[in-house]
Amino acid sequence: KRVSIADVFINPPEPQRYIWCKRIPFDALSLLAAHGGTGKSLFAMQLAAHTSTGRSFLGLETERIKTLFFSAEDSKDTIRRRYAAICKDDGLDPAEVESNLIVLDATDAPCLFHEVYINGVRTGEPTGHYSELKYLIETEGVGFLIVDNASDSFGANPIDRQAVTKFIRALVRLVRDAGGAVLLLSHVNKVTAKNGKKQTDGEGYADSAAWHNAARSRLFLNVMESNGNLSLGHEKNNYGKKQPPLKLAFRINGSSLQAIDAEQDATSEADN
């Protein structure tokens, strides 16, 4: 597709839009990585409840959008318990949330992309479940897809750069017609995992660097203090300035997350 740039001054393109506070861009895939048990699934479920209603999340604005949460890890009962707590703690009406949020228990059929052999050549291709998900997204007008998580939904070699890139592009295609976005959850890579939860460098993604390279934005949820508080780092943004870390904590009952300081980066947001 040939792209014209001659008229960008007189007919400027629209500014890059984000679903959540300049961290999750439209028309792209964002990656959220964390150690197992850190709380990334809970974070993503809570985010989905807020994007479906357009309510601010952790003190920062969201874009109201039809959202689909694809749960390859947690089954029906766990999902229902978590959303009961999230809606109660955040003051959300479950019926209002569900009117703009689809939650799928995909634990029996999690794989969206797998390895196949075509004419003796190994390659990666979307599965039949991917096609079913595509139909649902198109039928329901979904604009924001959250996939939890990469290790369950990706059935090819995780260090095969071509397969990883092909998978990520296939996920983006699911919402591209709606101009939407994808958030893919993943575990950290083996080196980061061996270094433990005190890891602070930027290698917070799984396996091949292709996971980092193909994502347009990358978030890293990490335990930073002995009291269990968390830091949500913004490790990459291809479309603009990386945003400062968010300091988070579990509520006393552990049912959901809250910002330690809801105005912690208000000045930064205003400057951008």
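A residue counts as buried when its relative accessible area is under 20%. By that criterion strand β12 (residues 230-237) is mostly covered, with seven of its eight residues buried. The model described here is predicted.

**Strands around β12**

Strand β12 is joined to strand β11 (residues 217-223) by seven bridges, and the two run antiparallel. Within this pairing, phenylalanine 220 has glycine 233 of β12 as its bridge partner. Strand β13 (residues 246-250) also runs antiparallel to β12, joined to it by three bridges. Here leucine 232 is bridged to leucine 246 in β13.

Strand β6 (residues 113-118) pairs with β9 in the parallel sense over two bridges. Histidine 114 stands opposite glycine 155 in β9.

The pairings with stated bridge counts are listed below.

| Strands | Sense | Bridges |
|---|---|---|
| β11 and β12 | antiparallel | seven |
| β12 and β13 | antiparallel | three |
| β6 and β9 | parallel | two |

**Threonine 127**

Threonine 127 lies in the loop between β7 and α4 (128-140). Its relative accessibility is 9%, so threonine 127 counts as buried. A polar atom of the threonine 127 side chain is 3.3 Å from the backbone nitrogen of histidine 129. Beyond its neighbours within four places in sequence, threonine 127 contacts Cys111, Leu112, Phe113 and His114.

**Nonpolar cores**

The largest nonpolar core contains 40 residues, and Trp20, Phe43, Phe144, Leu232 and Leu248 have the most contacts inside it. Helix α1 (residues 40-53) gives the most to this core, contributing seven residues. Phenylalanine 43 touches Trp20, Leu32, Phe57, Leu58, Leu232, Leu248 and Leu257, with residues up to four places away in sequence not counted. In soluble globular proteins, nonpolar side chains tend to be buried together.

**Helix α6**

Helix α6 (residues 161-176) has 16 residues, which at 1.5 Å a residue should span 22 Å; the end C-alpha atoms are 22 Å apart, in agreement with that value. At the start of α6, a side-chain oxygen of aspartate 160 comes to within 3.1 Å of the backbone nitrogen of glutamine 162. The buried residues of α6 include Ala163, Val164, Phe167, Ile168, Ala170, Leu171, Val172, Leu174 and Val175.

Note on methods:
Residues numbered from 1 in each chain as written. Predicted model: local features only at pLDDT ≥ 70, side-chain atom pairs only at ≥ 80, totals over all residues. Heavy atoms only, no water. Helix = DSSP H or I, 4+ residues; strand = E, 2+ residues; numbered from the N terminus. Expected span 1.5 Å × (residues − 1). Buried < 20%, exposed > 50% of the residue type's maximum accessible area, 1.4 Å probe, protein only. Polar contact = N/O pair within 3.5 Å; in protein donor to acceptor, adjacent residues only side chain to side chain. Pairing = 2+ DSSP bridges. Core = buried A, V, L, I, M, F, W, Y, C linked by side-chain atoms within 4.5 Å. Contact = heavy atoms within 4.5 Å.
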